[in-house]
Every structure is written in structure tokens, then in C-alpha cells.
Amino acid sequence: MDESGVVRQKIEAGEIAVENVDKSYGSHHFRKEVVRNCSFKIERAKLTVMIGPSGCGKSTLIRLLAGFEKPSAGAITLDGHPIAGPDRDRLVLFQESALFPWMTTYDNILYGPRARGEVTKETLELAEFLLAKVGLKEFRKKYPTQLSGGMQRRAELARAMINNPRVMILDEPFRGLDAMTKELMWEYYSALYEENRRTNFFVTTDIDEAIFLADRLLIMSNIPTQVRATLEVDIPRPRKLADIVENDRANEIKMQALSILHEEAMKSFSRGSKAAADFVEAYSKRSVKT
Ligand SMILES: Nc1ncnc2c1ncn2[C@@H]1O[C@H](COP(=O)(O)OP(=O)(O)O)[C@@H](O)[C@H]1O
Ligand SMILES: [Mg+2]
């Protein structure tokens with residue numbers, strides 16, 4: 001039996017440090033500063049959620065973490081080693097579907113290990129476990145177009161998680177799903193995380209999603225972005241959506257986060273941003289349980 005798959009599953013969760021990172025595009029008059037003097041940690045075996053206004057620079061940070069692009073200044077390290085380029089230690093799950101339409105659910109989930117020649121008894125067991133966990137056992141032989149949007153997202157979660165990266169990075173993975181499907185996704189995803197606490201970094205613009213999922217919450221400023229506040233979401237796990245709605249601590253954190261996001265939105269509102277105007281409008285309609 002090929003041992004590498006077994007070894008892979010024993011690979012430790014990683015920790016990422018972002019230190020004084022700047023990122024700009026273009027030069028001179030056309031220079032666009034997207035990230036400015038940004039520092040934060042993605043702690044080992046924790047679920048860190050980043051929330052920030054749309055357009056603030058979150059996906060730009062993800063491209064830096066993934067190693068697709070380099071910072072203009074500052075350092076990003078994984079367990080003390082500088083990030084030099086893309087590597088399977090850091091797996092990014094984007095909002096766009098990554099499923100291969102010509103493969104069944106099962107084959108899609110096994111794609112990573114097969115591509116690396118790492119299919120072992122343990123990998124096959126893990127595939128079964130993940131299929132069950134994301135509720136797709138009955139759909140293993142179906143193709144992506146035969147699955148609902150929510151099922152496709154669940155298949156993608158399983159397809160990513162089977163690779164056990166040191167750090168799993170998710171860029172607004174549930175954006176665009178209807179509210180009920182989205183809430184169901186939160187429960188599937190948090191159950192997967194609670195089962196096997198690896199390092200997860202999850203980016204969103206949805207405050208309820210952020211608080212339900214996070215161990216730690218990074219609240220970002222407007223563009224050029226940096227961390228405005230870090231909140232520890234000290235709510236016990238396993239979490240159920242119904243509990244969170246009634247949870248005073250969750251509501252307190254939500255109020256804190258919203259007031260910071262509101263300040264940031266007001267700043268960019270005064271600069272005429274459409275996204276910020278939408279946020280201010282949505283925020284003013286929100287009623288938060290006190
Ligand atoms: N390659 C690039 N060249 C110029 N500007 C860019 C580039 N990539 C991103 N930006 C700008 O950076 C800003 C932040 O984008 P992004 O990181 O996608 O934000 P978010 O993910 O928070 O919505 C946007 O204004 C975008 O126009
Ligand atoms: Mg983005």
C-alpha cells in the first residue's frame with residue numbers, strides 16, 4: 001500500500017502569520033492600494049472568520065495567502081516558512097464551482113487523492129465518511145448538473161476536505177445560495193469542522209454566518225484594508241443555529257461587529273460607494289435582539 005496517503009492524513013494543522021503586509025496594483029497615478037500594513041494570525045486548529053465590506057480587499061488577501069500573488073511589502077509565513085507560491089498545504093475553496101461536470105460526486109470527491117496517486121484504504125474510508133457527513137451518500141453516482149446548488153456546495157466541501165490541507169481557505173463559499181440552503185450549509189460545514197478541527201480561514205460579508213461559524217472573528221476596515229478588530233467568539237460547540245439566535249453572547253458580539261462595520265461603511269459611503277450605501281440601508285433596517 002502507498003503510505004503517503006496515510007501520512008497525509010496525519011499531517012498537522014498549520015498556522016499562518018501575516019505581518020505588516022501591503023498590496024498595491026499598478027504604479028504612479030494608476031496605483032491602487034488594496035491592503036495596507038495588515039497583520040493577523042490564522043491560528044492552528046481554529047476557525048478564523050474574516051468579515052469586511054465588499055470590495056475591501058478580502059479576496060486580494062486570499063490570493064496572497066494562496067501564493068498566487070506576492071505582497072508589495074511585509075511577510076506571510078506558514079509555520080514560520082515564507083509562502084513562496086501555491087502549494088497543496090493551503091487549499092482555497094472559491095465561490096465558483098470547482099466540480100468537474102464530467103465526473104460523478106464520488107469521483108469528484110476522490111479527485112485530489114487520485115491525482116496525487118494517494119488512494120489508500122484510509123482515503124476511501126474518509127471519502128465514505130465525508131459523503132455521509134455532507135448528506136450525499138445517495139447521490140454518489142450523480143453528476144454535478146443532477147445536484148441542487150446546495151448539494152454541489154456540499155460535494156465541493158467534501159472534495160476539498162479529503163485533502164487535509166494544513167490550512168483550508170474559503171472565500172465566500174456560500175454566497176449566492178438562498179437563505180435556507182445557506183443556513184443548512186453552515187450546519188454541515190460547522191459539523192465537519194467540529195469533527196476534525198483543522199485550521200480553517202473563512203471569508204464572508206454575512207454577519208450571522210460569521211458569528212455562527214467563528215472561533216475568532218477578524219473585522220476588516222475599508223480599502224486599503226487592515227484588521228480593525230479581533231473578537232473571540234467564545235460560544236460553546238457543537239453549535240446549533242437555534243441556540244445562536246437565542247444566545248446573548250452571540251448577540252453582543254454581533255452588535256459589536258456591526259457597529260465597527262457600520263463605521264467602516266459610513267466612511268466609504270461618504271466617498272460614494274454603492275456597496276456601502278446598500279450596507280448602511282440594510283443595517284438601518286436590522287433589528288438585533290437585546
Ligand atoms: N489585479 C488588480 N488590479 C487592480 N485592482 C485590483 C486588482 N485586484 C483587485 N483589485 C481591486 O482591489 C479591490 C478589492 O478587491 P477584492 O480583494 O476582490 O475585494 P473583496 O474580496 O473584499 O470584495 C477592488 O477595488 C479591486 O478593484
Ligand atoms: Mg471577494
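Reader: What is the relative accessible area of Glu43?
Author: This is a predicted model, in which local features need pLDDT of at least 70 and side-chain atom pairs count only at pLDDT 80 or more, while totals for chains, interfaces and linings use all residues. Residues are numbered from 1 along each chain as its sequence is written, chains are lettered from A and ligands numbered from 1 in the order in which they are written, and side-chain values use heavy atoms, without hydrogens and water. A residue is buried under 20% relative accessible area, exposed over 50% and partly exposed in between (1.4 Å probe, protein chains only). Glu43 counts as partly exposed because its relative accessible area is 21%.

Reader: Which residue forms a salt bridge with Glu43 at 2.9 Å?
Author: Side chains of opposite charge can pair when their charged atoms come close. The term salt bridge requires a side-chain nitrogen of Lys or Arg within 4 Å of a carboxyl oxygen of Asp or Glu. With 2.9 Å between the closest N and O atoms, Glu43 is bridged to Lys46.

Reader: Which residues are linked with Glu43 and Lys46 in a network of salt bridges?
Author: By the salt-bridge rule, the model has a count of 26. One network joins Glu43 and Lys46 with Arg216 and Glu232.

Reader: What is the relative accessible area of Arg114, which meets Asp107 in a salt bridge?
Author: The N to O distance in this pair is 2.9 Å. Asp107 is partly exposed at 26% relative accessibility. Arg114 is also partly exposed, with a relative accessible area of 42%.

Reader: How many residues apart are Arg237 and Asp215?
Author: Arg237 is buried at 16% relative accessibility, and Asp215 is buried at 14%. Their side chains form a salt bridge, with the closest N and O atoms 3.0 Å apart. Helices (H or I, at least four residues) and strands (E, at least two) are DSSP runs, numbered from the N terminus. The pair links distant parts of the chain, from the loop between strand S10 (227-232) and helix H9 (241-246), which holds Arg237, to the loop between helix H8 (207-213) and strand S9 (216-220), which holds Asp215, and the separation is 22 residues.

Reader: With which residues is Ser221 in contact, leaving aside neighbours within four places in sequence?
Author: Ser221 lies in the loop between S9 and S10, and is buried because its relative accessible area is 8%. Contact here means heavy atoms within 4.5 Å. Apart from the sequence neighbours within four places, the contacts of Ser221 are Pro53, Cys56, Gln226, Arg228 and Glu264.
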